[in-house]
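Please examine the structure displayed here before reading on. The account begins with the chain as a whole and then turns to particular elements and residues.

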Amino acid sequence: MPSLPVEISSPADPVAKLALPERTLLSAFRWWLTAESERDVAANEQARATLASLVGDAQSQVILGYYDILVRTVARHPARTLRYHPPCCPHATPDEVLLLAIIAACQGGHLAMAGSLVNLIVATEGVGAALDAASDLGLAILSGGVLLELSGRATSMSAIAALGLISLH
């Protein structure tokens, strides 16, 4: 397995700015990354339980599988190192919000926007696979009855920046 192109980062924007589904998905994703990087069974169970609180037990397993596919795709074609926080941190990195925005854009059918966002984290040869993985993850989340709040707003980089969650440079 390629190494995960992620590293723990210093605090940035508060997670409280995100809607409950996005906060829950972010928390589960962090627990899952911890489980994968440290081979921590308890962290994996925490990831599953966190997702189950949002989408139920069966769908939580499906979503964890799609997390795995998305992260492995990014790991095979990284444009750069992604930064994330430990599971209990009350802040979100721009990269964490960017991943949520990619998934939300796919879920909302904004594939051109999702492609633009994916280009920020994945090398050109991996963009198609990363978009497929993010789309599948978005559909799995939707199958769990969750439409991400960002889905309706992730139509442009300036709209995402206007949420105050990432900055444009």
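The model is predicted. Its chain contains seven helices and four strands, arranged from the N terminus in the order β-β-α-α-α-β-β-α-α-α-α. Of the 169 residues in the chain, 49% are buried. Among contacts between residues at least 6 apart in sequence, 71% join residues at least 24 apart.

The mean pLDDT over the chain is 84, and 80% of the residues score at least 70. Confidence is lowest in strand 1 (residues 6-8), with a mean of 50, and highest in helix 2, with a mean of 96. Residues 162-169 have a pLDDT below 50, yet in the model this stretch makes 20 contacts beyond near neighbours in sequence. Where pLDDT is low, predicted coordinates should not be read in detail.

Helix 2, the element with the highest confidence, covers residues 41-55. At the start of helix 2, a side-chain oxygen of Asp40 comes to within 2.9 Å of the backbone nitrogen of Ala42. After the helix comes Gly56, which has a positive phi, near 90 degrees.

Which residues of helix 2 are buried? They are Ala43, Ala47, Arg48, Thr50, Leu51, Ala52 and Val55. The cover over these buried residues includes helix 1 (20-38), helix 3 (57-76) and helix 6 (127-143).

The cysteines can be considered last. How many disulfides does a search of the whole structure find? The search finds zero. For Cys88, the closest cysteine sulfur is that of Cys89, and the two sulfurs lie 9.1 Å apart, which is too far for a bond; the cut-off for a disulfide is a sulfur pair within 2.5 Å. Cys88 counts as exposed because its relative accessible area is 66%, where the threshold for exposed is over 50%. Cys106, by contrast, has a relative accessibility of 9% and therefore counts as buried, the limit for buried being under 20%.

Key: Residues are numbered from 1 along each chain as its sequence is written. Side-chain values use heavy atoms; hydrogens and water are left out. Helices (H or I, at least four residues) and strands (E, at least two) are DSSP runs, numbered from the N terminus. The expected span of a helix is 1.5 Å times one less than its number of residues. Buried means under 20% relative accessible area, exposed over 50%, partly exposed in between (1.4 Å probe, protein chains only). Contact means heavy atoms within 4.5 Å. A polar contact is a pair of N or O atoms within 3.5 Å; within protein, one must be able to donate a hydrogen and the other to accept it, and residues adjacent in sequence count only if both atoms are side-chain atoms. pLDDT is the predictor's confidence in each residue, from 0 to 100.
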